[in-house]
Amino acid sequence: MAEISMNKARTMIRKTFEKGREMELNPLSVVVLDAGGHVKAFEREDGAAPGRFAIAHGKAYGAVMLGMAGTAQMQRAEAQGYFMGAVNGVFEGQVIPVPGGVLIRDKRGVVVGALGVTGDTSDNDAVCAVAGINSANLVAEV
């Protein structure tokens, strides 16, 4: 199974933060998960609320465990709320089905993990996530 190196995880986080500062967003929190849903790296900017880890994790966890990015999860939740309710039962409430949970694919299209961002609007979080993923020469699926 392809893996995200620690160097790439740190690059993604750094570039995600840079994009957030460029856009003048609220302080962000960013988590990178591997393809098994395990935390590879996490950072929280100064001023970000301490509870943001759980939100960033929930966005990324849903993406990697369902193989479905946050935007698609939100659409599914809106169309079939019972499905996402059941998913959250299976995953013990850990899934947050909104933009900002972005799948990470390698150049061959294989899912290698997910990046979760929280701190601003979900759509802005997703824009920052894409910038971070692209900076590591990986492919973002919003």
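Predicted model: local features only at pLDDT ≥ 70, side-chain atom pairs only at ≥ 80, totals over all residues.
Biologist: What distance does α2 reach from its first C-alpha to its last?

Modeller: The helix has 15 residues. At 1.5 Å a residue, 21 Å is expected, and the model comes close to that. From first C-alpha to last, α2 reaches 21 Å.

Biologist: Is His57 buried or exposed?

Modeller: His57 is found in helix α2. Leaving out residues up to four places away in sequence, His57 touches Val31, Leu33, Gly37, Val39 and Gln94. Buried means under 20% relative accessible area. His57 has 12% relative accessibility, so it counts as buried.

Biologist: Which elements do the buried residues of α2 pack against?

Modeller: The buried residues of α2 include Ala56, Gly58, Ala60 and Val64. Their packing partners are the helices α3 and α5 and the strands β1, β2, β3 and β4.

Biologist: Where in the chain are the partners Phe42 and Phe53?

Modeller: A search of the whole structure gives two aromatic pairs. Phe42 and Phe53 make one that is edge-to-face, with 4.9 Å centre to centre and 90° between the planes. Phe42 counts as partly exposed at 29% relative accessibility, and Phe53 is partly exposed too, at 32%. The two are eleven residues apart, with Phe42 in strand β2 and Phe53 in helix α2.

Biologist: Why is the pair of Tyr61 and Phe91 called edge-to-face?

Modeller: Tyr61 lies in helix α2 and Phe91 in the loop between α4 and β3, 30 residues apart. Both residues are buried. Their ring centres are 5.7 Å apart and planes over 60 degrees apart count as edge-to-face. Here the planes are at 90°, so the pair is edge-to-face.

Biologist: Which element gives the most to the largest nonpolar core?

Modeller: That core has 20 residues, and Ile4, Met12, Val32, Ile104, Leu115 and Ile133 have the most contacts inside it. Two or more residues come from each of α1, β1, β3, β4 and α5. The element that gives the most, with four residues, is α1.

Biologist: How far from the centre of the ring of Phe83 is the charged end of Arg76?

Modeller: A charge sits over a ring if, for Arg, CZ is within 6 Å of the ring centre and within 35 degrees of the ring normal. The charged end of Arg76 does sit over the ring of Phe83, and its distance from the centre is 3.7 Å.

Notes. Residues numbered from 1 in each chain as written. Heavy atoms only, no water. Expected span 1.5 Å × (residues − 1). Buried < 20%, exposed > 50% of the residue type's maximum accessible area, 1.4 Å probe, protein only. Contact = heavy atoms within 4.5 Å. Core = buried A, V, L, I, M, F, W, Y, C linked by side-chain atoms within 4.5 Å. Phe/Tyr/Trp six-rings, centres within 6.5 Å; stacked < 30°, edge-to-face > 60°.
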